[in-house]
Amino acid sequence: MEVENEAVEQELEVESNADEMSEEELDLDHLDQPNEGTETGEKGAVEGANPFEKKQRKKKSTIWEDMTIVKQPDGTLKVQCNHCKELFVKNPSGATSQHKRHLKNCLQKRLAVGEENQKRQQVLSFTEGPSDGITSITNFSYDHAKVRELAAHMVLVHEYPFSMLDHVVFNKFMKAVSPFYKKINRQTVKEDCVTAFMLEKRRLRNILKGANRISITTDLWKSGQKIQYMVVTGHFVDSDWVLQKRVLNFCNVPPPHTGVIIADALSKCFLEWGIENKVSTITVDNASYNDVCIRRVKEDFCLRKRLSIGGKIFHVRCCAHILNLLVQDGLNQIVDVIDVVREGIKYLKNSESRLNEFAKIKKQLQLPSRKLILDCPTRWNSTYLMLASALEFRDVFPRYGDIDPGFHYVPSEFEWMKVEEVCKFLGIFYEITNIISGSDYPTANLFLVELYRIKELLNEKALDFSDHIRFMAESMALKFDKYWGESNVLMSLGAILDPRYKMVLVNHTFPVIYGEVAAPRYIDEMRCILYDLYNEYVDAYISSHSEEPPREAGKRKHSEISSKSTQGAAKKLGVNVLTGKEKFQMIVSEIDKAPPEKSDLDVYLEEGRYVCDANANLDVLGWWKGERWRFPILSRLASDILAIPVTTVASESTFSAGGRIIDDRRASMSVETVQMLLCGNDWIRNLHGLKNKSREPLDVSESSTIEEIDLPDI
């Protein structure tokens, strides 16, 4: 009997190959896979096997999971169903179509599969929550609509091309992750991105309805398509007291780019979002057309009487750009030295052999620095970095000049001394620029304390013994007085509403910024503006919390209230009397409705400053959130002021993403598609709680112009 079984098994092995090779669903993927259970050098492996020899394969048809080949007493081979035990003729050619048809209709198999599914444990799906460590567990079910939605989010957030989802290996990867995955083509994902954009636009419009006031930053940018785009970014505090930033528009503005045309584009944006009555400030750079634009928009707002304190804080000039203009004027005093250093670095960069010789000298002198920087002439901070890096190689320049006759860019000792003094002078400006522009939300409370330090430094350097430093300071002081020669209302308001500073900072810095004689006048003016603004918020608060007109609320006389209450008591008791409890309640109500002796603002200013470590990053908005019950009106004023940005960095950071998205291969995109991609990128990032990529100080769109030149290892 054992001999017969061995014969049957040998015959099955021979016939199984023919059986499988004839199946319609023959899978060729095994050719790319190594044999299971064998490795190079494994014991028992066949040495010297021919790699082109056809190898026998195991049965791969799915029918053999439910059927078995059995030998009949007469010696013939039959195929038997494991469920209903019905026998079928085994086709010599290996065809299995009849077996598939049987299994499809086999009642016993259906019953067995149903019981197995009931006993089988469901596949679990783990979904990440809003914070780390929190997950939700649900039964897994493939949702292709959700996959399409997340694919659109992926394209928008990570700036992938639409064609990515057509890539072959990406689809293989997704099939490996889930066999249920269905391919999403390029056109579908583009349509899904538009759908996600529209859904987020609707959600953002609802969020803006709940905002009290909205601050705007805007700027213009020319893409690689030679098309001029205008970005409009909104800043506001949401209902949870979280400072929010959203890109509202990234639209094409056709030339000419006059102030009137830009003002018209801004007005259309405000109307589209329904925020024309909520815009409190607009922050722009110092281009001349922006002055015309803001004046035009301000006139329109004044007609609707929607500007606080007469529009004194409506136009906000970008502090980072003013600082850039300030330092550029100073650098013009030593432009000859800067040109020598810049041309010398360019000369070295243009030849690998020159850099090698320069690096050899650097190694001989045992200098630690390994990098030169080539600046962008229009960005002072890059010029500062270039001079600071070149200063570390001041001893290498003359030695390299001795061995290279064509190197005519060796500064003299006096010129190196100039560079050293200028770097020390500009160091504080560089740090202040990082503070202002390096912050995710450069709000109004950050700058007054730094502005005072700038003016103090300029006053000191105006008396410096070095002529070039003195000339630099005088030139920068003229530019300082041009833009900050009058009281800057927004920066002062932001400082006062910072609990660490209050009026103490204003009283200390104004004499330095505006002089001892003019300072008291500016301080009094600032205090009056603060109280005027506070009174506007008081009127708005009363009108929103009282059914009576603001002017009449609280002016009712005690006799009138007593009379009404007495009548009410008489109705209830049937006699014209008033109980002691009711009379006391009336007195307390009258006291509560009477205006307090001291306002929120008086109490806040009279209290001591909030004391914390000087290097601590205080969340000022969070502090006001905690104090909103004590200062219900002042806290709302503070949140609106602190939401105002002092720079246009938020808008300029969008240009960095625009430069990546509108590359040479995507230059034919329509302006509508560009807006969808740029705005969608910002909105979906906020939806998933993702922060934007780290930015270079001052202007991310120009950060790539700072070229770092690594010296070779010798």
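## A three-stranded open sheet

Two strands pair if DSSP finds at least two bridges between them. In this predicted model, three strands form an open sheet, and their order is β1-β2-β3. The pairing in this sheet is antiparallel. β1 (67–71) and β3 (87–89) stand at the edges; each has a single partner strand, so one side of each is left without a neighbour in the sheet. From one strand to the next, the twist averages 40°.

Strand β2 (residues 77–81) is joined to β3 by three bridges, and the two run antiparallel. Lysine 78 has valine 89, in β3, as its bridge partner. Helix α2 (residues 97–105) lies across β1, β2 and β3 and runs at about 155° to β3.

Strand β6 (residues 214–222) and strand β9 run parallel and are joined by four bridges. Within this pairing, isoleucine 216 has isoleucine 282 of β9 as its bridge partner. β9 is also joined to strand β10 (residues 315–317), by three bridges and again in a parallel run.

Leucine 220 stands opposite methionine 230 in β7. The hairpin of β6 and β7 has five residues between the strands, and lysine 226 in this hairpin takes a positive phi near 65°.

How much of β6 and β9 is buried? In β9 (residues 279–284), six of the six residues are buried, so this strand is largely enclosed by the rest of the structure. In β6, eight of the nine residues are buried, so β6 too is largely enclosed by the rest of the structure.

## The nonpolar cores

The largest nonpolar core holds 105 residues. The members that touch the most other members are Phe358, Phe425, Leu426, Phe429, Leu448, Trp624 and Ile641. Helix α18 (residues 502–545) supplies the largest share of this core, with 17 residues. There is also a second, separate core of 60 residues, which includes Val189, Ala196, Val674 and Met676.

Leucine 426 shows what one member of the largest core touches. Apart from neighbours within four places in sequence, leucine 426 is in contact with Val327, Leu331, Trp380, Tyr384 and Met472.

## Helix α23

Helix α23 (residues 632–642) is mostly covered, with nine of its 11 residues buried. The buried residues are Ile633, Leu634, Ser635, Leu637, Ala638, Ser639, Asp640, Ile641 and Leu642. One of these, Ile641, is also among the residues that touch the most other members of the largest nonpolar core.

Two packed helices are described by the angle between their axes and the distance between the axes. For helix α10 (residues 335–349) and helix α12 (residues 380–391), the angle is about 75° and the axes are 11 Å apart. Angles of 65 to 115 degrees count as roughly perpendicular, and α10 and α12 are therefore roughly perpendicular to each other.

On the α10 side, the residues that meet α12 are Ile338, Val341, Arg342 and Ile345. On the α12 side, they are Thr383, Met386, Leu387 and Ala390. An α-helix has 3.6 residues a turn, so residues three or four places apart point the same way.

Is lysine 479 buried or exposed? Lysine 479 lies in helix α16 (residues 467–484). Buried means under 20% relative accessible area, and lysine 479, at 18% relative accessibility, therefore counts as buried. Leaving out neighbours within four places in sequence, lysine 479 is in contact with Leu325, Leu326 and Asp329.

A search of the whole structure finds zero disulfides. Cysteine 293 counts as buried because its relative accessibility is 1%. Cysteine 528 has a relative accessible area of 49% and is partly exposed.

Terms used. Residues are numbered from 1 along each chain as its sequence is written. This is a predicted model: local features need pLDDT of at least 70, side-chain atom pairs count only at pLDDT 80 or more; totals for chains, interfaces and linings use all residues. Side-chain values use heavy atoms; hydrogens and water are left out. A nonpolar core is a set of buried Ala, Val, Leu, Ile, Met, Phe, Trp, Tyr and Cys residues joined through side-chain atoms within 4.5 Å. Buried means under 20% relative accessible area, exposed over 50%, partly exposed in between (1.4 Å probe, protein chains only). Contact means heavy atoms within 4.5 Å. A disulfide is a pair of cysteine sulfur atoms within 2.5 Å. Axes are lines fitted to C-alpha atoms, for helices over the stretch in contact, and angles run from 0 to 180 degrees between N-to-C directions. Angles under 35 degrees count as roughly parallel, over 145 as roughly antiparallel, 65 to 115 as roughly perpendicular and the rest as oblique.
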